[in-house]
Amino acid sequence: MMRAYLKVVASVGLGLCLTSCAQVTKGLKAAKLGGDVDRFVAASESTQKCDKLGVEPAIQEEYALGSALAIQWVQRGGGLMLSTATDQQLTTYVNTVGRNLAMQSPRPTLQWTFGVLNDTRNFNALSAPGGYVFVTRKLLQGVENEGQLAGVLAHEIAHIVMKHALHQYATVKVSGCKGAVVSNAIVSAAAGRLLSASDRDGKLDLDSDTGLLADLTEKTVEVASKGHRKEEELAADRLAVELMLSAGYDPDAYRQLIAKTPEGGGFFANHPKRDERVRQIAEVVREQQGAPGTFAELSTDSLRTPALPGSFTTVKGSGVAKDSK
């Protein structure tokens, strides 16, 4: 009897133990799941905060980023052409043409700066937020008149006015912030400061944070090197034509430059097809001629295509490189 009793007690005790252990295990699993849910909710809220970094930056932030990007373009382009008196005359001329066009734009008060890069291989033009525009020596070798140069400069001015590079920059900030959140760790000091900014208004003081500026510049250069979207390039061409008309240039000069430049290749691979850009330029001119309150009295006879100055002898050469504009 005693032995049977002990067996019953042991069986009941074991049953109670198994039931208790199962309940404890279930409770632990629930607690762990609850912790995961809490972390997921916290991460989701943080990624939503990261979207604040997509706001348009203050002008000080734009200038800080623009100057840093400009330094990158100058370094990659072999430096600026400023070593001789003729180089300086050429730079002054490019600035005169460029600033005249920029004054016709919706952002005339930017600190517009134009320069010539010592790049003899790439037929290219580059721009950076804050009003920085560069053309390569190779591009100037393929320019036949001031109207063609004006078209190239107006195109880059349009990119700045429409803030296309700043859109890329915003994407870099938001993705960097979200990457830090998803990884559940601050992967770098720069990412941590992005997270902090997302708790405020999303704007950054890059002038006082050179580490963050360097990090964001590097990532923005990587994105910018892939080029602008097709619709952004076409929009820049449209505004370029309007700026040329406002400054008194014949947009047909710009059309001729694009038309003679070989298709494909270049620094950016995703530009619209040459024929599409050429057709659009002609369409914009027709639209401006017929639009009330714009250039209704426009006559091509009143437009000009000035010759290039003597300072161009320092860069002029034969042939036109592949289009990267």
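Contacts between residues 24 or more positions apart make up 73% of the chain's contacts with a separation of 6 or more. This is a predicted model. Its mean pLDDT is 80, and 74% of the residues reach 70 or more.

The chain has 11 helices and three strands. From the N terminus, the order is α-α-α-β-β-β-α-α-α-α-α-α-α-α. Of the 325 residues, 45% count as buried. The accessible surface of the chain comes to about 16,100 Å². Carbon and sulfur atoms hold 56% of that surface.

Now to the aromatic rings. A pair of such rings is described by the distance of the centres and the angle of the planes. The chain has two aromatic pairs. One of them joins Tyr93 and Phe312, with ring centres 5.9 Å apart and planes at 85°. Planes over 60 degrees apart count as edge-to-face, so the pair of Tyr93 and Phe312 is edge-to-face. Where do Tyr93 and Phe312 lie? Tyr93 belongs to helix H3 (residues 85-102), while Phe312 sits in the segment after helix H11 (274-290). The pair therefore ties together parts that are 219 residues apart in sequence. Are the two residues buried or exposed? Buried means under 20% relative accessible area. Tyr93 has 13%, so Tyr93 is buried. Phe312 has 2%, so Phe312 is buried too.

Trp112 and Phe114 form another pair. Their ring centres lie 6.3 Å apart, and their planes meet at 15°. Planes under 30 degrees apart count as stacked, so this pair is stacked. Trp112 and Phe114 are both buried.

A ring also meets a charge. The charged end of Arg304 sits over the ring of Tyr249, 4.6 Å from the ring centre.

Next comes helix H10, which spans residues 252-260. Which residues of H10 are buried? They are Ala253, Tyr254, Leu257 and Ile258. These residues cover an arc of only 135° around the axis, so they lie on the same side of H10.

Two stretches call for a look at confidence. Over residues 265-269, pLDDT stays under 50. The model has 14 contacts beyond four places in sequence for residues 265-269. Over residues 317-325, pLDDT also stays under 50. For residues 317-325, the model has 41 contacts beyond four places in sequence.

Technical notes:
Residues numbered from 1 in each chain as written. Predicted model: local features only at pLDDT ≥ 70, side-chain atom pairs only at ≥ 80, totals over all residues. Heavy atoms only, no water. Helix = DSSP H or I, 4+ residues; strand = E, 2+ residues; numbered from the N terminus. Buried < 20%, exposed > 50% of the residue type's maximum accessible area, 1.4 Å probe, protein only. Contact = heavy atoms within 4.5 Å. Areas by Shrake-Rupley, 256 points an atom, 1.4 Å probe, with all protein chains shown as cover. Phe/Tyr/Trp six-rings, centres within 6.5 Å; stacked < 30°, edge-to-face > 60°. Lys NZ or Arg CZ within 6 Å of the ring centre and 35° of its normal. Arc of directions from axis to C-beta. pLDDT = per-residue confidence, 0-100.
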